[in-house]
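Here are a few notes to read alongside the model. Take them one at a time and keep the viewer open.

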Amino acid sequence: MTSTTPPTPGTRLDPWFGAYAQRAHNMRASEVRALFAVVNRPEVVSLAGGMPYLEGLPLDTISETVQRVIATQGLSALQYGSGQGHEALREQILDVMHLEGIDAHPDDVVVTTGSQQALDLVTRIFVDPGDVIVAEAPSYVGALGVFRSYEADVVHVPMDEAGLIPEALDACLTELRAAGRRVKLLYTIPTFHNPGGVTLSLERRARVLEIARSHGVLLVEDNPYGLLGFSGDPIPAIRSLDEDGVVYLGSFSKTFAPGFRVGWVVAPHAVREKLVLASESAILCPSNASQMAISAYLSTSDWRAQIKAFQVMYRERRDAMVSSLAEHLPDATWTVPDGGFYTWVRLPEGLDSKSMLPRAVTGRVAYVPGTAFFADGTGADHVRLSYCYPTPERIREGVRRLATVVNAERELVEIFGTRPALDDVSDVDNPGPDLA
Amino acid sequence: MTHTPRVVILSGGLSHERDVSLRSGRRVAESLRAAGAEVTVHDVDADLIPALRDIRPDVVWPILHGASGEDGSIRDVLELVGCRSVGTGPRASRVAWSKPVAKSVVARAGIATPDYVTLPQSLFRELGAQVVLESAVERLGLPLVVKPSQGGSALGVTLVSTMAELPQAMVSCFAYGEIALIERAILGTEIATSVVETADGPVALPSVEIVTDGPYDYDARYNPGRTEYFSPARLTEEQAEAVASTAIRAHAALGLRGLSRTDMILTPDGTPTFLEVNVAPGMTETSLFPQAAVAGGHALPDLYLSIVEHARAGGA
């Protein structure tokens with residue numbers, strides 16, 4: 001060495017690197033999220049996202065409705081509103097929930113910015129770091145992100161074709177109590193599960209509620225898809241069985257349009273009071289314009305008929321999905337949902353859905369790896385396929401492409417004798433909105 | 001120059017690095033606009049060629065990472081439609097895009113590069129994985145780096161310390177491409193040196209030293225905070241000259257034009273060891289090329305405009 005250049009200080013390109021809360025250190029730049037940048041290109045068949053198919057909506061009518069709201073109630077619609085939500089809409093939400101057997105009072109309802117915010121609020125007011133939240137295995141990726149951000153410890157309970165297994169739930173809660181753990185919430189999507197595609201049977205609903213009650217655990221019922229069933233009448237919500245032990249989350253995002261960002265939470269009186277305060281501290285109030293637009297839509301449109309039209313359309317897509325899976329992926333197994341947006345597919349033996357994703361993107365098809373739906377790093381042997389957005393023809397093409405990818409990956413796994421690995425659990429930390 | 005340059009930036013595409021490309025494209029567009037250029041950002045899609053015919057840009061700057069952007073295909077198309085473009089032409093892009101080919105070219109030019117083998121997936125099927133992997137370890141030793149023979153952003157790259165980790169690393173690699181490069185892992189200082197061509201020839205910008213708390217993987221590259229950068233790198237003058245000279249020699253040996261970034265390891269004995277070269281280096285907030293430019297005293301708008309003007313004048 002001859003001489004040295006003057007030393008330069010290093011930079012982490014973030015002057016606030018040392019200032020973040022501990023929970024922010026788990027937020028990572030994910031390869032998986034980066035790969036999803038490609039999926040919105042038309043060349044790619046995305047079986048990944050949970051976007052409703054809005055082309056089924058009467059956009060002209062909605063446009064007139066929104067214009068009328070601004071023209072006639074603009075000074076209110078564009079102003080701050082109530083922290084609890086627009087009163088007229090809260091009354092209409094009762095009509096929506098009544099279809100699933102829920103009786104409530106408008107005062108029980110808190111309107112939120114999508115049900116994702118409701119989930120955030122409930123977690124915020126109940127969960128301290130290290131508290132346990134019990135959830136189905138698998139569970140909604142967006143809920144897991146919220147729970148992780150509040151540093152909750154998620155414990156999964158298995159499901160079968162009739163949903164959450166009561167005996168397993170009871171055993172889990174008993175074991176957690178014996179271990180001295182504080183279980184704060186039982187988070188469940190009983191109807192048309194995301195990603196599981198299964199529905200908790202009527203018999204089990206009462207039993208699950210009873211188990212939660214007996215262990216002193218509040219049940220959070222997340223029900224965005226309940227009205228999108230493919231056969232018969234809507235299934236009574238768990239909330240229809242109990243007012244005090246259930247916090248119910250609802251949404252217009254799947255039955256109407258996610259762009260308005262309107263959801264709601266129904267909670268026992270004391271809980272609801274805290275939710276309103278928590279919501280006001282977070283957002284002051286939900287969007288008045290969105291709430292009034294939805295209220296006007298519910299008042300002036302035949303929204304029940306629109307929901308029936310969605311049911312027919314999504315059923316046709318579900319049929320395209322399951323028949324394509326049977327044709328192209330006979331070695332996989334999958335759930336056959338009776339409503340909602342998703343089927344949960346177990347890949348042929350030995351495949352790892354996360355490590356297979358780049359090959360799928362190269363093959364112009366996308367899915368969500370099963371690891372996204374577990375807090376414990378498992379799930380690599382599954383994928384979630386959604387049939388809500390692509391047309392039946394695109395679904396068939398997507399599954400055909402996926403089969404090609406699966407076959408190539410299977411050959412690779414056979415060559416190297418690898419097994420699905422435990423996931424780095426923080427990799428799909430906060431899902432992109434179109435994955436929800 | 002007679003008028004403000006009209007520039008089309010190509011970003012996006014369908015590669016695994018689309019997200020990085022979109023971010024890079026936006027950053028360069030912003031800087032060029034600040035420098036007074038008339039800039040349109042365009043994806044690579046069915047509207048592109050009609051748009052190029054309509055806009056009639058002075059220069060197209062492809063900021064496309066990954067396949068088609070870096071493998072020369074888009075450059076071929078730009079030549080077909082008569083557009084001048086920033087950077088390396090199609091033939092040299094093809095050479096640089098293949099890591100093993102680029103390594104062999106720079107090795108012939110006397111530049112050190114880690115020992116390696118290139119193995120297609122089909123070979124493992126024919127010969128059996130275990131025996132091939134054992135042979136690779138026998139020859140190259142451990143630790144090893146397994147990476148796709150093409151592509152960037154460390155996608156599909158695994159540092160392998162034990163024989164047992166190798167099969168999964170191969171599966172992860174082959175998810176991104178059909179050919180794997182298994183390279184002896186070299187210990188030392190991780191250095192990136194960017195090269196810009198001027199009227200006087202290629203010039204190296206100050207090298208950037210990369211220090212991470214683990215592998216310089218996707219998260220370390222794009223999640224600000226995990227990686228500490230030293231720009232200029234903490235090198236002696238002799239070392240700084242050696243890495244700059246190596247980057248320029250690699251740039252020349254590979255026939256690159258306009259700009260490039262060479263990634264190297266400076267070994268403890270002071271040897272700059274070539275890992276790979278990028279003909280379309282990342283230009284995001286955390287990317288190495290812009291850091292090097294700033295360390296060299298360049299204002300990004302001025303530097304990017306000079307790159308455009310160089311290409312506009314026929315220098316690529």
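How are α1(B) and α12(B) oriented to each other, roughly parallel or roughly perpendicular? Keep that in mind as you go, and remember that this is a predicted model.

1. Let's settle the question. Helix α12 of chain B covers residues 300-312, and α1(B) packs against α12(B) at an angle of about 90°, with the two axes 8 Å apart. Angles of 65 to 115 degrees count as roughly perpendicular, so that's what α1(B) and α12(B) are to each other.

2. Now look at who does the touching. From α1(B) come B:V28, B:S31, B:L32 and B:A34, while α12(B) brings B:L300, B:P301, B:Y304, B:L305 and B:V308. Sort the residues of this contact by type and you get 8 nonpolar, 1 polar and no charged.

3. Stay with α1(B) for a moment. This helix has 17 residues and spans 24 Å from first C-alpha to last, close to the expected 24 Å. Of its 17 residues, 13 are buried, so α1(B) is largely enclosed by the rest of the structure. After the helix comes B:G36, with a positive phi near 100°.

4. Next, zoom out to where the chains meet. Chain B puts 40 residues into the contact and chain A puts in 34. On the chain B side, the elements that each supply at least two residues include α1, α6 and β11. The top contributor there is α8(B), with 6 residues.

5. What is that side of chain B made of? The residues of chain B that touch chain A split into 20 nonpolar, 11 polar and 9 charged.

Key
Residues are numbered from 1 along each chain as its sequence is written. Chains are lettered from A and ligands numbered from 1 in the order in which they are written. This is a predicted model: local features need pLDDT of at least 70, side-chain atom pairs count only at pLDDT 80 or more; totals for chains, interfaces and linings use all residues. Two residues are in contact if their C-beta atoms, placed from the backbone, lie within 7 Å. Helices (H or I, at least four residues) and strands (E, at least two) are DSSP runs, numbered from the N terminus. Ala, Val, Leu, Ile, Met, Phe, Trp, Tyr, Cys and Pro count as nonpolar, Asp, Glu, Lys and Arg as charged, and the others, Gly among them, as polar. The expected span of a helix is 1.5 Å times one less than its number of residues. A residue is buried if 20 or more other C-beta atoms lie within 10 Å of its own, exposed if 12 or fewer, and partly exposed in between; C-beta atoms are placed from the backbone. Axes are lines fitted to C-alpha atoms, for helices over the stretch in contact, and angles run from 0 to 180 degrees between N-to-C directions. Angles under 35 degrees count as roughly parallel, over 145 as roughly antiparallel, 65 to 115 as roughly perpendicular and the rest as oblique.
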